[in-house]
Amino acid sequence: SARVSSGPWLSLSLLWSPLGRFSSMGAYKYINELWKKKQSDVMRFLLRVRCWEYRHLPAIHRVNRPTRPEKAHRLGYKAKNGYVIYRIRIRRGGHKKQVRKGIVYGKPSTHGVNEWKSAKNKQSVAEERVGKRCGGLRVLNSYWVNQDSTFKFYEVICIDPAHKAIRRDPRINWICNPVHKHREARGLTSAGRKHRGLVGKGHGYLKNRGSRHAVWKRHNTLSLRRYR
């Protein structure tokens, strides 16, 4: 069995034991395991206290560092110049149909006003609002950080396309091209592709490529070629 010597040095038996060799994990792995157990006592307490703090802050505000560093780095964040983190508060639930005087004229099947569900997920809406607030930045990705009965909180990774550290980095300078302006508003981020139905593979997902509208148009267009 592995044992620790009384001095400041670890014994060789600890360094060469199977326990010491296979159980070593990086710090981010430990953080990731903590976030997987959100119902543990530690995480329930942390999330409750943080949620109380987030509710008193502005709806969109900049943070100095990511709340979930291991998640942010998996999604492309780097602790260097040009990368910015914004936290945003989104109200949960559906919405009412925007009709005059709350009246829908027409068939009874379309009379619903309340409990309308959005086709977009809340994470995509959060990215759009941050992209609209920070027009000079490019939205790279986002992740969930907290929620309560009324709000959901997300942190959005933004990139400054005018910063030299970004423009000179071959791994990220693709986002400086003008074609990537407001990519979050066109459903090109990970959350946007998810609500468009583009994250899966297989038989059923062929009806979503390259988009649901494109498939509908292809199936409903009569093409009469000259030589047929």
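Predicted model: local features only at pLDDT ≥ 70, side-chain atom pairs only at ≥ 80, totals over all residues.
Residues are numbered from 1 along each chain as its sequence is written, and side-chain values use heavy atoms, with hydrogens and water left out.

Let's start with the overall picture. The protein chain has 9 helices and 4 strands; helices here are DSSP runs of H or I with at least four residues, strands are runs of E with at least two, and both are numbered from the N terminus. Along the sequence the pattern reads α-α-α-α-β-α-β-α-β-β-α-α-α. Of the 228 residues, 31% count as buried, where buried means under 20% relative accessible area, exposed means over 50%, and partly exposed is in between, with a 1.4 Å probe and protein chains only. As for contacts (heavy atoms within 4.5 Å), residues 24 or more positions apart account for 57% of those with a separation of 6 or more.

Now, the sheet. Its 4 strands form an open sheet in the order E1-E2-E4-E3, with antiparallel pairing; two strands pair if DSSP finds at least two bridges between them. Strands E1 (60-63) and E3 (138-147) sit at the edges with a single partner strand each, so one side of each has no neighbour in the sheet. On average, neighbouring strands are turned by 30° against each other, direction ignored. The antiparallel strands E3 and E4 (residues 151-159) are joined by 8 bridges, and Val139 stands opposite Cys158 in E4. Helix H6 (residues 122-133) packs on this sheet, touching E1, E2 (83-91), E3 and E4, and its direction makes about 125° with that of E2. For those angles, axes are lines fitted to C-alpha atoms, for helices over the stretch in contact, and the values run from 0 to 180 degrees between N-to-C directions.

How many does a search of the whole structure find? There are 8, each being a side-chain nitrogen of Lys or Arg within 4 Å of a carboxyl oxygen of Asp or Glu. In one of them, Arg55 pairs with Asp148, with the closest N and O atoms 3.0 Å apart. That pair links distant parts of the chain, since Arg55 is in helix H4 and Asp148 is in the loop between E3 and E4, 93 residues apart.

Arg87 lies in strand E2 and Glu155 in strand E4, so the pair ties together parts 68 residues apart in sequence. Arg87 is buried at 7% relative accessible area, and Glu155 is buried at 0%. Elsewhere, salt bridges that share partners join Lys29, Glu33 and Lys36 into one network.

The protein chain exposes about 16300 Å², with carbon and sulfur atoms supplying 55% of it; accessible areas come from the Shrake-Rupley method with a 1.4 Å probe, and for residues only the protein chains shown count as cover.
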